[in-house]
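Please keep the sequence and the model at hand while reading.

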Amino acid sequence: MAQVPWQVWAAGMILCLLIAAGTALYYRCQLRKFCRVIGEFERGGTLEEGYADTMESKLLSQLKKLLQQQEYDRRKAGKEKEEIAVLLSDLSHQLKTPLSNILLNTDILKGGQLSPQEQKEFLMRNEEQAKKMQWLMKTLVKASRLEQGILVFDSFPAPLTETLARSISAVYSLAKERRITIETEDFPECRVWHNPKWTAEAIGNILENAVKYSPPGSCIRIAVQPLEMYVKVTVTDQGPGIREEEYSQIFRRFYRGTQTEQQEGTGLGLYLAQLILQSETGYITVSSQPGQGSCFSVFLLKEQFARKEDT
C-alpha cells in the first residue's frame, strides 16, 4: 500500500480542526441566541419571531412554548393564591360575628346565674349561630366547586311548574312569618332545559332575598314569559331597591347592597344562583331603582334550542 504523504495528513488535520472550530463557533452562536431569547422573555415576557424554517427555529419554537406554558402556570398559581387569600379573608370576616356570639353566650351560660328558661334560650341562640356557620361553609364549598368546574350536574328538559313550586315551598315559612304573600301569574306549562333541583335552589335564593328585604305585609310577584329562545321568569318585590351602579356587584361573593347593609344576610344567595344558572346555559339579570323594589329575571333555554346547543 502506498504511503500517504505527510502533506495530505497535515491538510486533513487542518481541515478537521477547521470543521471542529467552525462547529464549536456555530453552536456557541446558537447558544448565545437561546440565551438572548430566554433573557428577553425574562425581561419582557415575550419572544422574538421570524426565524427561518430550520432545526434551530424549531428548537426555539419549542422553547417558546415551554416558557409560555411556564409563565401561564406561574400566573395561574399566583391568581389562585390571590383568590384563596381573598376567600379566607372574606370567610374570616363572615365567621367573626357568629363565633363572637357563641363565645359570649357560652361565657354567660358558664356564669351559672341564669334560670332554666334563660339557659334554654341561650342554648337556642348558640344553635342558631352554629347553623348559620354551617350553612355558610356548605354554601361556600358548593359555590367554589361549581366555579372551579369540580361540581357538575346534568341539565335536561323538564316542566317549569314543578321547579317553581319547589322554590316557593323553600321560602313559604319565612314569607308567612313576615306576612308576605307570593303570587304567581297564570302561564302555560312549558319545558325548559334545566336541573329542577338546582334551578329551584337558584330561584329560591332570589325569593329568599325578596322575602328578607321586603317590608312586612308586602307582595312578591312571579311571572313567566316565553320568548323566542328562552323562558323568562321574573321575581318582582317591593323591597328597598338597588342602585344601577350596583347591578353587576350584587352577584359577587359576599357583596351586600348599600340599601341592605343594615339587615342580616351573607351576600352568597345571588352569587350561587348565578353560578347555577350559568351551568345550565341560562343567566340572570336585574332591574331596579332605590325605593321602588327590584325585579330579577331568570332566563332558561327552551327545550328545542337547548338540544341544539348540547349537540
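Contact here means heavy atoms within 4.5 Å, and helices (H or I, at least four residues) and strands (E, at least two) are DSSP runs numbered from the N terminus. This is a predicted model, in which local features need pLDDT of at least 70 and side-chain atom pairs count only at pLDDT 80 or more, whereas totals for chains, interfaces and linings use all residues. Residues are numbered from 1 along each chain as its sequence is written, and side-chain values use heavy atoms, with hydrogens and water left out.

**Whole chain**
- The protein chain has seven helices and seven strands, which run from the N terminus on as α-α-α-β-α-β-β-α-β-β-α-β-β-α.
- Among contacts in the protein chain with a separation of 6 or more, 70% join residues 24 or more positions apart.

**Packing of α3 and α6**
- In α3, T139, K142, A143, L146 and E147 meet Y271, L272, L275, I276 and S279 in α6.
- The residues of this contact divide into six nonpolar (Ala, Val, Leu, Ile, Met, Phe, Trp, Tyr, Cys and Pro), two charged (Asp, Glu, Lys and Arg) and two polar (the others, Gly among them).

**Residue S155**
- S155 lies in the loop between α3 (116-147) and β1 (156-159), and it counts as buried because its relative accessibility is 15%, where buried means under 20% relative accessible area (1.4 Å probe, protein chains only).
- Not counting residues up to four places away in sequence, S155 touches W193, H194, N195, S279 and E280.

Note on methods:
Buried means under 20% relative accessible area, exposed over 50%, partly exposed in between (1.4 Å probe, protein chains only).
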